[in-house]
Amino acid sequence: MRRLVTALLAAAGLVSTALVAASPAYATVFQTYGSGVNVRADAFLSSPVVRTLSGPTSIDVDCQKHGDRVTTSDGTSEWWAHVPALGGYLTVVYVAVPEDKLPGVPECGGDPNPPAGDITLADVQAMFGSRIANPSIVQTGLPSLNQAMRDANINTPYRQAAFLATLVHESRLEYNIREIGDTRLYGGRGYIQLTGDFNYRPAGQYFGIDLIGNPDLALSLQWSAPIARWYWTVARNINPYADNLDMGRVNAAIGYPAGAEDQRRCDSFKSALQYLTGSVPAGVICTRPAKLAGDTAKLTRSQFDSLAKNGSSGLG
């Protein structure tokens with residue numbers, strides 16, 4: 001179908017000329033097809049829409065980026081084209097080429113070496129000691145986990161400390177772990193121990209995969225880290241709590257009743273902060289607001305956000 005669309009567009013010259021700015025001279029020209037195609041601020045379905053293309057459009061692409069999978073009747077792609085003139089990214093699914101990745105277009109960033117800020121096995125061993133029980137599995141998963149952290153803007157010591165402290169308690173930072181003794185069909189799996197059909201279903205819909213029919217995808221190397229990123233930023237909005245050193249709200253957002261585990265996770269948060277910053281900042285909050293003391297797992301994001309707000313009704 002996409003090959004047919006490509007040929008028809010080329011023959012008919014059905015392109016729009018209303019690009020908003022001149023593109024770099026090194027950009028490659030492609031054509032989109034379909035109407036109502038969204039251009040987003042980043043290569044994720046949760047990113048804001050910056051523009052919508054009303055019809056087939058000529059686009060100048062300077063690079064492409066790996067992002068969320070998009071599936072249509074014409075195909076599937078996890079690649080997104082960066083169009084400087086449109087100020088954002090659009091999924092390659094709606095670019096009139098037969099491939100799922102644009103031919104001849106470099107990847108955005110282009111450097112095959114991992115960024116200097118990536119977390120290493122030595123880092124997490126220094127932070128969490130004996131909690132890193134299977135170093136080889138942790139090492140195998142770290143490239144995908146670091147990518148998920150970049151995609152989720154977990155890019156400050158406070159955010160990294162909260163995220164890693166959470167995962168080391170959820171999964172020992174093992175991407176393929178199944179919750180011990182949990183035989184439920186939708187029991188805990190993966191880095192963040194995704195639990196319940198109320199999480200498997202929306203996570204699967206977000207990524208275009210069948211987590212309801214194949215829940216073990218949640219503990220695969222391909223999907224474990226992206227699902228953790230999805231939960232941290234889409235199912236919940238946890239980065240702001242980390243910014244405030246509020247591990248109490250971080251723990252509540254993960255979805256389990258308050259108890260001794262909260263303090264254990266907060267201690268791991270402090271250990272990670274000590275390693276990443278050289279000290280434990282004043283103002284770390286380990287306790288939850290009273291309204292978040294119960295099991296918060298089944299709350300929607302809006303319900304959780306409402307309960308987590310600071311205020312005069314006992315919310316801390």
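Tutor: Alanine 290 counts as exposed, at 60% relative accessibility; the classes are buried under 20% relative accessible area, exposed over 50% and partly exposed in between, with a 1.4 Å probe and protein chains only. The model is a predicted one, in which local features need pLDDT of at least 70 and side-chain atom pairs count only at pLDDT 80 or more, while totals for chains, interfaces and linings use all residues. Residues are numbered from 1 along each chain as its sequence is written, and side-chain values use heavy atoms, with hydrogens and water left out.

Alanine 290 belongs to the loop between helix H9 (260-277) and helix H10 (301-308). Helices (H or I, at least four residues) and strands (E, at least two) are DSSP runs numbered from the N terminus. From C-alpha to C-alpha, alanine 290 is 9.6 Å from alanine 308, which is 18 residues away in sequence. Arginine 288 lies over the face of tyrosine 256, 4.7 Å from the ring centre; such a contact requires NZ of Lys or CZ of Arg within 6 Å of the ring centre and within 35 degrees of the ring normal.

A second contact of this kind involves lysine 101, whose charged end sits over the ring of tryptophan 79 at 4.2 Å from its centre. Tryptophan 79 is in S6, where it is the bridge partner of histidine 66. Strands S5 (residues 63-72) and S6 (residues 75-83) run antiparallel and are joined by seven bridges; strands pair if DSSP finds at least two bridges between them.

Turning to the helices, two packed ones are described by the angle between their axes and the distance between the axes. Helix H4 (residues 157-171) packs against helix H8 (residues 247-254) at about 45°, with the axes 11 Å apart. Axes here are lines fitted to C-alpha atoms, over the stretch in contact for helices, and angles run from 0 to 180 degrees between N-to-C directions. H4 and H8 are therefore oblique to each other, since under 35 degrees counts as roughly parallel, over 145 as roughly antiparallel, 65 to 115 as roughly perpendicular and the rest as oblique. Their crossing is right-handed, meaning that the near helix is turned clockwise from the far one by less than a right angle.

Two loop residues deserve a note on backbone angles. Most residues other than glycine have a negative phi. Arginine 172, in the loop between H4 and H5, has a positive phi near 60° and is partly exposed at 31% relative accessible area. Leucine 245, in the loop between helix H7 (239-243) and H8, also has a positive phi near 60°, but leucine 245 is buried at 7%.

Finally, the whole structure holds seven aromatic pairs. Rings of Phe, Tyr and Trp (its six-membered ring) pair if their centres lie within 6.5 Å; planes under 30 degrees apart are stacked, over 60 edge-to-face and the rest tilted. Phenylalanine 207 and tryptophan 223 form a tilted pair, with 5.3 Å between centres and 55° between planes. Phenylalanine 207 lies in helix H5 (residues 197-207) and tryptophan 223 in the loop between H5 and helix H6 (224-235), so the pair ties together parts 16 residues apart in sequence.
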